[in-house]
Structure formats: structure tokens, C-alpha cells
Amino acid sequence: MPWDGTELHVAEVAADGTLADERVVMGGPEESVFQPGWSPDGELHAVSDRTGWWNLYALDLDGDDGPRNRTPEDAEFGVPQWTFGLATYGFLDDGRVAVLRNSDGEWSLCLLDEDDGLTGADLPFSAYPHARLATDGETLAFVGGGPTTPETVARWTPGDERTDESVEPVHLRQSFSLDLPDGLISEPEHVDVPTRDGETTHAYYYPPTNADERAPEGEQPPLVTMVHGGPTSQTLPIAKLAVQFYTTRGFAVADVNYRGSTGYGRDYRDALQGEWGVLDTADCIDTAEHLAATGRADPDRLAITGGSAGGYAVLCALAFHDTFDAGASHYGVADLEALATGTHKFESRYLDGLVGPLPEARETYEERSPAFHAGAIDAPLLLLQGGEDRVVPQEQAEDMVDALVATETPYAYALFPGERHGFRTAEATRRALELELAFYGETFGFDPADEIEEIKLHEGQRSVRRVE
């Protein structure tokens, strides 16, 4: 994958399109190169993780000097290239470079001067999702946000560095309105979690927050552990309706950046190589157990939820471990070999690194596929699936249902016929959340205050709930 190893080539381009003097100037099998681009004065720049961190380099193509690291620190100035058009830096006409910097999993926008001095911009954003920084040389455009600020398309013109003129960003459009009073908004705490193998994983902990309600004396909240997809991705401390949906209703939420996630350096990202389904699942379990041990969650009401690769972690946690009392898998991977042989071209060899090459590692694929071990699941499970999902087709969810029926494990299965991999419509997202809340109510023995559809857990019989 491009975040594993990339080569940057340069060549002279003739009038007829042929290339001459082609050569590799950066990168290799174990070095990821991101966003090559020419500065206004013709100097080639690129982001590389050759030090273990994605730093910005200037390349001397005409001399003997090697690439010059302009941001030599333990911070990320790049992201995994899941799609085209990503950008974490842009050149300004006054010689500065605007850069997005990710330190300890949290982003900031900074300005890099011609002497490589780095200054943080005083902006009301602490997260920059999507990594699409754009500039015309004077003005910057980007998507920013924060714990109480939804994703916002913004435009900002940096002030003159000599006068330190402060300029407020212009908010062009928000993805949604977080129309809640302060007493209902839960803000995250970054938690470093000790893992069972002596390492550290990371999560954002959101406490239950509702100024209009008070928890029973001495009672700790149920915990929803959220697992992001990818798995080479990252969860950010940015306003999320799903998080606030639970925290306003008395739940605590742990949003986990397990090993394999972006934002904590190459070693952290590479830790999942050959260990998918093992380390990511263990990190989620260790996070939940740590929060329970430190008095921030009820150890008898621990739930885990996630979509795609996150759904895979849900299924692994329930099939191979017994920490969680309930799980909700949104279009989760149940059969690894089916995923590897049926996925789209870009990810066709992704699992070679995460699990192992086929057919040599077929035994490992089966060992880590929850579909082959569903008989070990005894905690209630909610399966939410799109009927038009071509990444994780509904057959994977229905194979899980068949196994749960055979073992008489309580479950509920909701099929959204018009949805694909990742629910797109607001209605489907809302109904999925409501079904999940109803599922936790059924599992943990409470009646949600919301006027929502009830859910029935089935044991020993096959049932599908079609959500049109």
C-alpha cells in the first residue's frame, strides 16, 4: 500500500511525451512518500516517513546534498493515501509553507518560514479531517473542526509574519449543527492506555454529560467502545453526533486509536502488520478494561461497536474474548479470505501485510475469521448490514446469523436494502443508531427514554429486520 512503500521518480519530459533521465530520488519498499510538489521557485518537496515520522523534505536534484528535512520532529505531516488529491502542505507567495501537523494524534495548522521555523496558527480548530489543504498563494482553504465544532469548510488568509496581524478564518459551511447547550456536550480526554504486552495504545474518553439528569449514587456508566475502520486510519477529537447521542443518554464512550492507526508514527502504524484481528482487538479490550479499572466505566456493562474493519474488531472481540457484554457490528468483516479474494483492486493485496499472503497463510485467515468461530460467541450481537455492500456483502452477515442460530446466541440482524459499505443517508444513520440504543437497552435492562422502535433478540431462529 502507498503508506508502506513508495518511490518518487523524476524525469525530463520531451515535447512528444517521452521521458529521459528518469531516476528515483526518494522512497523505497519501506519508505512512504506522500504529496510531491514543486515550490514556486522550482524546488521539489515531498513528505517522507524515512525517520519513522512523515516529515516534509526539500530535495536537491542538481547537487550532491540529500533531501533536507524541513520539519525534523516526532510528528506527522502526512496521511495514508486512501484517495487522490490529499494535501497536507501548500506554498504561500511570501515564501512560507502552510502545513498540517499531527502530534500525538491531534492536528494543528502551522506556518513554516524560509528558515524552517515552525509557528502554530491561532485558529479555533484542533482537528483537520480529510487532509485537503488548498491555497492560491495567499488564502488557504481546508476542513477543520474540534470537540464542539463539527467539520467546517473554512477559508483563512494568514497575516503578514512581520506585523503578526491576526486574521479570523471565514466559516463557509458546516457539515451539521451541533445545536446543544453546553451542559449536554461531552468533551474528550486523550487517554494513554497500558496494553497487556507492555506497550501503549490511545483513545479519547467521552464522559456521560447531561446537565438535566443525575446518575444513581455510586453507579458507573455503561461504556460504548468505538472502533474506527481502515484499519490504517485515525479517529479524531471532533464533534460527532453518534458520540453525543450516547453521552447525553448516560453512556461513556471510548473512541480508540488502536495500534495500526495513523498519527503516532510509522512504528505504531506498522505494529498491525501480520497482527490484524489480534492487536487491534486487544487494544480495544485493554482500553475498556482500563477505563473500568479506573472507575470511568461499569465493568459489567461494556459494549463495543464499529464499522467495516471496526466491525471486524467487534466480531473478533466477541468470538475470541469475553470482556464485552454486547457488540454491534456495522457491515463488519466476518470472513477474511472472502474479503481478500473479493475486494476492489486498490485493496486487493492489503491483507498480504495485515494477515499474510494467500494461499500460504490460509490457515491464519481461518483462525482469525469470526465466521469460523461464531460458536464461541455468547454475548448478544447486533448485526447492521447494507444490502448493496460490495466490499463486505450481506452474505458475510448472514453466515454469522446462521452460526448464532445454531448456538442459540441472542442476536438481532437489521438489513438496510438500499445502503452500501458505510451508510450514506441521514435516515439510515439515524435508524441504525436508534436500533443500537434499543439493543443496548434490551441487553443491559433499561428502557430508553426516546420514542424509538423496540428491538427483539432472537435465539435459535433465523430472523431479518428489513429497514426500508
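Which residue forms a salt bridge with Glu73? I looked this up first. The model is predicted. The partner is Arg101, and the closest N and O atoms are 2.7 Å apart. I then checked where the two sit. Glu73 is in the loop between strand 6 (68–69) and strand 7 (89–91), while Arg101 is in strand 8 (residues 97–103). The pair is 28 residues apart and links distant parts of the chain. Glu73 counts as partly exposed, at 24% relative accessibility.

**Entry: other salt bridges**

I found 28 salt bridges in the structure. I picked Arg430 and Glu427, whose closest N and O atoms are 2.7 Å apart. Both are in helix 9 (residues 426–444), and because they are three residues apart there, about one helical turn separates them. Arg430 is partly exposed at 38%, and Glu427 is partly exposed at 40%.

Next I took Arg465 and Glu453, with a closest N to O distance of 2.8 Å. Arg465 lies in strand 23 (residues 465–466) and Glu453 in the loop between helix 9 and strand 23, so this bridge ties together parts twelve residues apart in sequence. I read 26% relative accessibility for Arg465, which is partly exposed. Glu453 is partly exposed too, at 30%. I also noted a network: Asp49, Glu76, Arg266, Arg269 and Asp270 are joined by salt bridges that share partners.

**Entry: a charge without a bridge**

I turned to Asp335, in the loop between strand 20 (326–330) and helix 5 (336–342). Asp335 is buried yet has no salt bridge. The nearest side chain of opposite charge is Arg362, 8.9 Å away. Leaving out neighbours within four places in sequence, I listed Ser369, Ala371, Phe372 and Gln396 as contacts of Asp335.

**Entry: two buried residues**

Is Pro237 buried or exposed? Pro237 is buried, because its relative accessible area is 3%, and buried means under 20%. I placed Pro237 in the loop between strand 17 (223–227) and helix 1 (241–247). Beyond four places in sequence, its contacts include Gly105, Ser126, Pro147 and Tyr204.

Val256 belongs to strand 18 (residues 252–257). I read 0% relative accessibility for Val256, which counts as buried. Among the residues Val256 touches, beyond four places in sequence, are His202, Thr225, Met226 and Cys284.

I looked at the second largest pocket, with a volume of about 640 Å³. I counted 22 lining residues, and those closest to the centre are Glu213, Thr248, Arg249, Gly250 and Phe251. The lining divides into ten nonpolar, five polar and seven charged residues.

How values were computed. Residues numbered from 1 in each chain as written. Predicted model: local features only at pLDDT ≥ 70, side-chain atom pairs only at ≥ 80, totals over all residues. Heavy atoms only, no water. 1 Å grid on protein atoms, 1.4 Å probe; cavity = no way out; pocket = protein on both sides within 12 Å on 5 of 7 lines; lining within 4 Å. Points joined across faces, edges and corners; volume = space filled by probe spheres on them. Nonpolar A, V, L, I, M, F, W, Y, C, P; charged D, E, K, R; others polar. Helix = DSSP H or I, 4+ residues; strand = E, 2+ residues; numbered from the N terminus. Buried < 20%, exposed > 50% of the residue type's maximum accessible area, 1.4 Å probe, protein only. Lys, Arg positive; Asp, Glu negative; His and termini not counted. Salt bridge = Lys/Arg side-chain N within 4 Å of Asp/Glu carboxyl O. Contact = heavy atoms within 4.5 Å.
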